Amino acid sequence: MATANKNLSIYDKAKIPNAKNIRFGIVVSEWNTEITEGLYSGAIDALIDCGALESNIVRWDVPGSFELTYGCKKMATTQEVDAVIAIGSVIQGETKHFDFVCSATAQGIKDLNVQLDTPVIFCVLTDNNIQQSRDRSGGKHGNKGTEAAIAAIQMASLGK
């Protein structure tokens, strides 16, 4: 596992640009809310820790991870944000639905990064079981939301 020996929540604040003048959008999937709310909390905590103002953070909710692409596109094109974080969680089930949702979501977010001038950060967990998701949304491997927030700050700073 890529995260087996890494804590997703560790960053060197001295190497991160100050986020005070950066406006962020966060689009959160309502599916697997235990996980997505944990990821959201990690992202918010990191943004605030790096100087972001709460008034410069816009949150929208969408029904599931598949809908993140549309939500992020609308966020990026209507809310004057400098970066968007797409937060979702897809957990392997008994059917191929998992494969289709994961692939479409990853492709959709990638496409937005090619089409738009606003970076869209992929913070979608695609785990085999709920425990893996818990471990990456504030558990033993830290929080992927934190990692995504740091990426959003870095990518938004490229455009400033």
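**Briefing on the predicted model**

Thr 105 has its place in helix H3.

**Thr 105 and Thr 69**

- Thr 105 counts as buried because its relative accessibility is 1%, which is under the 20% limit for that class.
- Leaving aside neighbours within four places in sequence, Thr 105 is in contact with Ser 65, Phe 66, Leu 68, Thr 69, Phe 122 and Val 124.
- One of these partners, Thr 69, is found in helix H2.
- Thr 69 has a relative accessibility of 19% and therefore also counts as buried, the limit being under 20%.
- With neighbours within four places in sequence again left aside, the contacts of Thr 69 are Ala 104, Thr 105, Gly 108, Ile 109 and Leu 112.

**Nonpolar cores**

- The largest nonpolar core has 28 residues, and those with the most contacts inside it are Phe 24, Ile 26, Leu 47, Ile 57, Ile 85, Ile 87 and Ile 153.
- At least two residues of this core come from each of strand S1 (24–29), helix H1 (33–49), strand S3 (83–91), strand S4 (120–127) and helix H5 (144–158).
- Helix H1 gives the most to this core, namely 7 residues.
- Ile 26 touches Tyr 40, Ile 44, Leu 47, Ile 57, Val 58, Arg 59, Trp 60, Met 75, Ile 85 and Ile 87, when residues up to four places away in sequence are not counted.
- A second, separate core consists of 19 residues, among them Val 62, Met 75, Ala 76 and Val 81.

**Rings and charge**

- Arg 59 lies over the face of Tyr 40, at 4.3 Å from the ring centre.
- Both Arg 59 and Tyr 40 are among the residues that Ile 26 touches.
- How many aromatic pairs does a search of the whole structure find? The search finds 0 such pairs.

**The largest pocket**

- The space in the largest pocket amounts to about 230 Å³.
- Its lining is made up of 15 residues, of which Trp 31, Ser 89, Val 90, His 97 and Val 101 lie nearest the centre of the pocket.
- The elements that give two or more residues to this lining are S3 and helix H3 (97–115).

- Asn 32, a residue other than glycine, has a positive phi near 60 degrees.
- Asn 32 is found in the loop between S1 and H1, and its relative accessibility of 24% is why it counts as partly exposed.
- Glu 80 likewise is not a glycine, yet its phi is positive, at about 50 degrees.
- Glu 80 is found in the loop between helix H2 (68–78) and S3.
- Is Glu 80 buried or exposed? Glu 80 counts as exposed because its relative accessibility is 71%, the limit for exposed being over 50%.

**Ile 22, before strand S1**

- Ile 22 is found in the segment before S1.
- With a relative accessible area of 3%, Ile 22 is buried.
- Neighbours within four places in sequence aside, Ile 22 is in contact with Asn 56, Asp 82, Ile 153, Ala 156, Ser 157 and Lys 160.
- Among these contacts, Ile 153 is also one of the residues with the most contacts inside the largest nonpolar core.
- Ile 22 and Phe 100 are 78 residues apart along the chain, and their C-alpha atoms are separated by 34 Å.

Key
Residues numbered from 1 in each chain as written. Predicted model: local features only at pLDDT ≥ 70, side-chain atom pairs only at ≥ 80, totals over all residues. Heavy atoms only, no water. Core = buried A, V, L, I, M, F, W, Y, C linked by side-chain atoms within 4.5 Å. Buried < 20%, exposed > 50% of the residue type's maximum accessible area, 1.4 Å probe, protein only. Helix = DSSP H or I, 4+ residues; strand = E, 2+ residues; numbered from the N terminus. Contact = heavy atoms within 4.5 Å. Phe/Tyr/Trp six-rings, centres within 6.5 Å; stacked < 30°, edge-to-face > 60°. Lys NZ or Arg CZ within 6 Å of the ring centre and 35° of its normal. 1 Å grid on protein atoms, 1.4 Å probe; cavity = no way out; pocket = protein on both sides within 12 Å on 5 of 7 lines; lining within 4 Å. Points joined across faces, edges and corners; volume = space filled by probe spheres on them.
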